[in-house]
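Visitor: I'd like a close look at one part of this model: the place where the two chains meet. Could you walk me through it?

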Number of protein chains: 2
Amino acid sequence: MKIPPVKGTRDLYPELLAPIRRIFDVWRDVSIRHGFEEYDGPTLEYLDLYREKSGEELVGQLYRLTDSGGRELALRPEMTPTLARMVAARINALPKPIKWFCIPTLFRGENVQRGRLREFFQWNVDVIGSADVVADAEVILVGVEALRELGLTSADFAVHISNRRLMAAMLNAAGIPEDRHGVAYALMDKFGKLDPVEFDRHWDTAFGSHLLSAQLRDMMSSSDLDAVESLPGGRNSKELREAAAETRRLMELLANFGITEFCRIDFRVVRGLAYYTGPVFEFYDRSEKERAICGGGRYDDLLGKMGKSREPAVGFGMGDVVLSLLLEEKGLLQTGRKQQVVFVLDAEESLRPTLLRVVAGLRRRGVPTEFAYSWQAIGKQLKLADKKGVSAVIMLGADSTNPQLVRIKRMAGGQEREVALDELLADPRRVLEQDW
Amino acid sequence: MKIPPVKGTRDLYPELLAPIRRIFDVWRDVSIRHGFEEYDGPTLEYLDLYREKSGEELVGQLYRLTDSGGRELALRPEMTPTLARMVAARINALPKPIKWFCIPTLFRGENVQRGRLREFFQWNVDVIGSADVVADAEVILVGVEALRELGLTSADFAVHISNRRLMAAMLNAAGIPEDRHGVAYALMDKFGKLDPVEFDRHWDTAFGSHLLSAQLRDMMSSSDLDAVESLPGGRNSKELREAAAETRRLMELLANFGITEFCRIDFRVVRGLAYYTGPVFEFYDRSEKERAICGGGRYDDLLGKMGKSREPAVGFGMGDVVLSLLLEEKGLLQTGRKQQVVFVLDAEESLRPTLLRVVAGLRRRGVPTEFAYSWQAIGKQLKLADKKGVSAVIMLGADSTNPQLVRIKRMAGGQEREVALDELLADPRRVLEQDW
């Protein structure tokens with residue numbers, strides 16, 4: 001008779017949700033402060049949207065369903081295809097650059113592991129309509145500032161930056177044909193995970209005639225743009241020089257924004273998704289023990305694939321799961337500011353109607369207020385207030401000679417004070433917060 | 001190539017999401033102020049959870065899917081079964097009464113009509129662990145206060161209150177056997193929708209030997225508890241007297257809370273869901289032209305069905321769709337407070353690095369800040385600032401003799417002032433907000 005939660009989903013009891021809500025608040029505040037507007041879209045989309053827009057890995061993990069009319073639907077595994085669809089539908093009406101964010105729930109039927117769930121939240125930040133690399137820098141800035149606001153420093157995490165355009169130019173310069181770039185990226189994506197001997201064998205079998213794996217490995221292990229330009233054909237490739245210049249400019253802009261200490265070049269970052277066309281980046285904890293906290297990059301072709309004119313775009317997704325693991329490890333998982341709650345109690349049961357009036361009145365004027373549902377002896381009510389950790393109690397009927405007088409006690413200092421009920425209700429915040 | 005959104009889902013562009021986010025903010029603030037804690041649960045649940053807990057109508061509308069292991073899942077059509085599962089799993093550890101709220105996305109494969117979508121948001125407020133009717137009153141209070149905070153008055157909406165226990169006692173008193181109560185409720189639920197002649201025919205065929213439809217109709221059209229007690233067998237039923245007393249007490253408590261003007265007894269309210277056991281209620285716009293804004297009631301048996309001891313509970317769900325229609329009709333659909341945004345511009349392109357530093361510095365100190373991605377002539381930058389409706393512009397390089405001086409212009413009054421860059425960055429809020 002007991003039905004468990006589905007594996008990879010979460011029962012978010014209040015104490016588990018509170019730190020996630022604090023993360024949401026920071027994501028939202030930082031987005032708005034950087035000029036991004038919030039949007040949202042459907043959880044349910046036509047399956048075709050992902051078949052055409054997402055990488056193979058995501059399509060394999062889709063939760064699919066069929067509606068009553070027999071149409072194939074899917075639960076969104078990422079937000080970008082929905083974003084592209086929404087922007088494409090209004091591309092001419094929206095002023096550019098479009099700076100949008102959202103915090104959707106996403107679904108992926110993958111294996112549940114540390115840092116990976118099947119249902120999770122993901123902050124998405126995107127700029128559409130600007131080809132300027134300032135947009136890439138701003139998007140990275142937003143991500144860094146949010147983690148900073150959550151308490152993380154440059155000792156805790158770093159932004160690893162690469163450039164798909166640069167990597168394409170590098171492969172082109174070495175003479176690797178374009179239709180084989182996908183295979184090359186897939187291998188490069190496994191660079192850190194495969195045994196070096198394994199890696200060399202795979203790479204040299206496929207591409208050794210163009211570029212030796214030893215050369216590639218040196219380049220990928222360095223964080224130096226020169227290392228790319230020194231590869232075979234590199235010095236003579238205009239395309240490669242331009243992509244390197246773009247990457248240099250990005251690093252300069254990040255320095256102008258004052259976040260150099262967080263940012264480093266790292267050619268190991270490839271990004272699985274098919275649609276990236278320029279700078280790509282991933283945020284990692286400094287120990288690199290956890291999965292990426294955040295990943296994103298430039299995807300200038302995606303809107304073009306929606307049947308619209310090509311529209312430059314850059315953005316990232318940051319999930320709540322890996323981020324929460326890192327915050328927890330650093331002792332930074334917080335539940336936000338504790339509410340100041342007052343507790344109203346009554347010395348006699350006959351005061352219940354007054355008590356209910358006072359409770360509703362305080363709440364209506366913005367004061368979080370609690371009370372005992374059933375009348376109990378005053379000692380029991382006080383104990384209940386204490387257990388709830390309230391900041392003050394308000395006692396009705398404390399003075400039997402004057403029913404209009406209420407006694408307020410502050411729990412922290414223990415100070416007590418009597419005020420007229422009407423005065424309290426007229427401006428409760430003033431009465432409760434002023435110096436006594 | 002163009003893939004549309006799924007019918008009954010919403011592409012929430014920023015201007016469409018803003019009023020919904022304002023509703024969320026009010027729901028959340030009002031919940032917390034009334035002592036409720038936020039929780040959340042999975043969107044995906046095992047199909048069996050709803051097969052057993054939800055009414056037939058909802059089960060028929062479920063979005064079903066099968067996971068990779070062949071297990072049958074469903075998208076949640078309501079939150080209560082998840083809540084019951086979560087509470088049942090920790091029933092002994094949680095201090096009572098449990099006062100929780102959440103704002104889930106729900107999914108129902110029903111016909112799309114005015115006020116009905118297939119994917120929507122719903123505020124859920126529940127008290128578990130108190131059999132006291134004060135809990136019922138408090139839950140209604142929370143709903144009323146939220147609508148009040150959104151700008152609605154007692155001229156705009158009313159809470160229609162009935163009692164399933166009272167209706168059961170009424171049917172019992174008339175001699176209608178318990179196993180036929182379900183049929184009776186289903187008919188009563190259609191009271192307002194069926195043609196009166198139709199209604200009479202259906203009712204009298206089924207139950208005329210116990211209770212004439214004319215009598216039932218008089219009762220259902222009245223808002224008087226006496227009308228129930230006067231029905232056949234009513235005066236002699238202890239059960240009925242108790243349920244009537246409970247309903248009277250609820251109305252008194254609502255008066256104590258100061259919301260009598262919003263509340264009325266209405267026996268036409270039945271509530272489709274199977275699990276209600278006591279007071280039930282629905283919020284309607286005064287014209288009663290729209291569907292219910294909110295519906296809820298007491299469901300003391302649901303946790304017992306989860307294999308735990310019977311646990312008293314009361315709660316409601318309020319969707320965003322009908323509420324938004326009503327707010328729009330009343331001119332109360334707002335986008336919340338407008339952000340005060342400043343715009344930083346530079347007189348010369350050589351100032352770009354300084355500009356980026358200033359932009360990041362202002363944002364880091366909490367000031368929403370915008371700028372043009374590419375340098376443009378100052379007039380064009382000003383035009384852009386104007387189009388964005390910013391509250392102030394900050395111009396770098398306004399004084400060519402002193403590069404440390406920036407000029408601030410307030411858009412509303414047109415006042416201008418020059419300050420040192422360092423002074424601005426040290427405490428931008430003070431500089432921007434103080435009287436000049």
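Guide: Let's start with charge: in this predicted model, 12 salt bridges are counted between chain A and chain B. One of the salt bridges pairs Arg363(A) with Glu138(B), and their closest N and O atoms sit 2.6 Å apart. Polar contacts between chain A and chain B come to 32 residue pairs, counting those with both residues at pLDDT 80 or more. If you're wondering which element of chain A gives the most to the side touching chain B, look at helix H1, residues 14-33, which supplies 8 residues. Sorted by class, that side of chain A holds 40 nonpolar, 29 charged and 14 polar residues.

Now for the extent of the interface. On the chain A side, 83 residues are in contact with chain B, and on the chain B side 82 residues are in contact with chain A.

Chain A is divided into domain 1, covering 14-41 + 92-329, and domain 2, covering 342-433. Taken over C-alpha atoms, the centres of these two domains of chain A are 54 Å apart.

Conventions
Residues are numbered from 1 along each chain as its sequence is written. Chains are lettered from A and ligands numbered from 1 in the order in which they are written. This is a predicted model: local features need pLDDT of at least 70, side-chain atom pairs count only at pLDDT 80 or more; totals for chains, interfaces and linings use all residues. Side-chain values use heavy atoms; hydrogens and water are left out. Contact means heavy atoms within 4.5 Å. A salt bridge is a side-chain nitrogen of Lys or Arg within 4 Å of a carboxyl oxygen of Asp or Glu. A polar contact is a pair of N or O atoms within 3.5 Å; within protein, one must be able to donate a hydrogen and the other to accept it, and residues adjacent in sequence count only if both atoms are side-chain atoms. Helices (H or I, at least four residues) and strands (E, at least two) are DSSP runs, numbered from the N terminus. Ala, Val, Leu, Ile, Met, Phe, Trp, Tyr, Cys and Pro count as nonpolar, Asp, Glu, Lys and Arg as charged, and the others, Gly among them, as polar. Domain bounds come from an automatic or database domain assignment.
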